[in-house]
Structure formats: structure tokens, C-alpha cells
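Hi,

Here is the structure I said I would pass on.

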Amino acid sequence: MIIYKDIFTGDELCSDAFPNKMISSVVMEVEAKMVQEGGETFDIGANPAEGSEEEAPLDDVKMVNNVISAFHLEETPFDKKSYMTYIKAYMKRVRDYLQEHNPDRVAGFMADIQVFVKDVLSRFDDFQFFTGESMDSEAMVALMFYKEDGITPYFYFFRDGLKEEKF
């Protein structure tokens with residue numbers, strides 16, 4: 001299994017256990033789904049005559065996004081202006097990182113990320129924004145949205161802002 005971590009914070013953001021694909025040279029799309037969490041019951045072996053007749057769940061059942069739950073992502077609010085400020089600073093930070101660690105990627109990253117950001121800004125109201133567990137506002141902010149079906153959540157992660165760790 002491959003875990004994808006933020007290059008700046010080390011926060012785990014996603015893994016290859018979730019359906020994913022590269023939609024451009026800079027963006028990985030990860031498919032999430034809503035799953036049931038909680039509602040577990042435990043049989044402690046009590047005789048029904050001595051105890052209750054029904055097992056009661058220990059937790060309430062709730063539906064959660066499996067990527068958010070697995071990686072403890074935290075939603076963060078953005079308006080268009082604050083997102084522009086964030087993404088410009090983040091792009092510069094990633095560019096500086098690439099210049100030091102992978103200089104051949106800098107030109108491709110800068111060209112393709114600008115095209116992607118323009119698309120995001122044109123559909124800005126369709127997205128929700130999530131930080132990693134550390135909630136570092138200067139690290140990667142993942143974008144979540146729903147495609148045509150309106151049911152399946154998808155995430156966008158910036159490829160150059162992730163490092164892979166095999167487990």
C-alpha cells in the first residue's frame with residue numbers, strides 16, 4: 001500500500017487503497033464514498049433471561065466520508081479571494097521545493113497548475129476545502145467536490161505536494 005503524505009507537514013492525506021487517477025500532470029483525483037460508522041454491538045455472552053433481550057448499539061450510526069475519516073482531514077473555509085491568496089503562496093512554496101528536490105518538474109508544474117487553478121476558480125462554489133490533520137494553513141489544501149451524480153465525493157490532491165511512502 002502507498003500512503004501519500006504532505007511534503008511540508010508529513011500529514012497523511014490519502015492512499016492507493018482508494019480509487020485514484022491522475023487527471024493532469026499535477027492533480028490526482030481520489031474517489032471517496034459515504035460509509036456507515038458506529039452502531040457496533042458487542043455480544044458479551046450474557047444470558048438473555050438475565051440481561052436485556054436486545055443488544056443495543058454502543059454508538060450511534062452516522063454516515064461519514066471514508067477519505068475524511070481515514071485521514072482525519074479538517075474542513076477549512078475559503079472565499080474566492082482568500083483561496084487566491086493561499087494558492088499563490090502554495091504554488092510558490094511547491095515551486096521552491098521542486099527547485100531544490102526535482103528541478104526538472106518546475107516548468108511543467110508551473111504551467112499545468114495555473115490551468116488547473118483557473119478551472120477551480122471558474123467552479124469555485126462547487127468545492128469544499130480540507131487540510132491535513134495538523135491544520136497547517138500553508139500546506140496542501142485538498143479540494144472535494146461531487147461529479148454529475150451528486151452522490152459520489154471526489155478529492156483533488158496536488159501531485160507535486162505529495163510524497164509516497166510504501167507500507
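Below is what I found, starting with the overall layout and ending with a few single residues.

Two housekeeping points before that. This is a predicted model, so local features were taken only at pLDDT of at least 70 and side-chain atom pairs only at pLDDT 80 or more, while totals for chains, interfaces and linings use all residues. Residues are numbered from 1 along each chain as its sequence is written, and side-chain values use heavy atoms, with hydrogens and water left out.

**Overall layout**

The chain has three helices and eleven strands. (Both are DSSP runs numbered from the N terminus: helices are H or I with at least four residues, strands are E with at least two.) Reading from the N terminus, the order is β-β-β-β-β-β-α-β-α-α-β-β-β-β. Of the 167 residues, 38% count as buried. Here buried means under 20% relative accessible area, exposed means over 50%, and partly exposed is in between, with a 1.4 Å probe and protein chains only. Among contacts between residues at least 6 apart in sequence, 63% join residues at least 24 apart; a contact means heavy atoms within 4.5 Å.

Let's take helix 3 (residues 106–122) first. Its 17 residues should span 24 Å at 1.5 Å a residue, and its end C-alpha atoms are 25 Å apart, which agrees. (The expected span is 1.5 Å times one less than the number of residues.) Val106, Phe109, Met110, Ile113, Phe116, Val117, Val120 and Leu121 are buried in helix 3. They cover an arc of only 140° around the axis, so they sit on the same side of helix 3. (The arc is that of the directions from the helix axis to the C-beta atoms.) As a reminder, an α-helix has 3.6 residues a turn, so residues three or four places apart point the same way. On the other side of helix 3, Ala107, Val115, Lys118 and Ser122 are exposed. The buried residues of helix 3 pack against strand 4 (27–31), helix 2 (80–101), strand 9 (141–146) and strand 10 (153–158).

Helix 2 can be read in the same way.

How do the axes of helix 2 and helix 3 cross? They come within 10 Å and cross at roughly 165°. That makes helix 2 roughly antiparallel to helix 3. (Axes are lines fitted to C-alpha atoms, for helices over the stretch in contact, and angles run from 0 to 180 degrees between N-to-C directions; over 145 degrees counts as roughly antiparallel.) Residues making the contact include Tyr83, Ile87, Met91 and Leu98 of helix 2, and Phe109, Ile113, Val117 and Leu121 of helix 3.

**Single residues to look up**

- Tyr154 lies in strand 10 and is buried, with a relative accessible area of 12%. Tyr154 and Ala32 are 122 residues apart in sequence, but 5.6 Å apart in space, C-alpha to C-alpha. Leaving out residues up to four places away in sequence, Tyr154 touches Glu29, Val30, Glu31, Leu143, Met144, Phe145 and Lys147.
- Lys5 is in strand 1 (residues 2–6) and counts as buried at 14% relative accessibility. From Lys5 to Glu164 is 159 residues in sequence and 6.4 Å in space, C-alpha to C-alpha.
- His72 is in the loop between helix 1 and strand 7 (74–75). His72 has a positive phi of about 50° although it is not a glycine.
- Met135, in the loop between strand 8 and strand 9, has a positive phi of about 60° and is not a glycine either. Met135 is exposed, with a relative accessible area of 51%.

Cheers

Key: Parallel < 35°, antiparallel > 145°, perpendicular 65-115°, else oblique.
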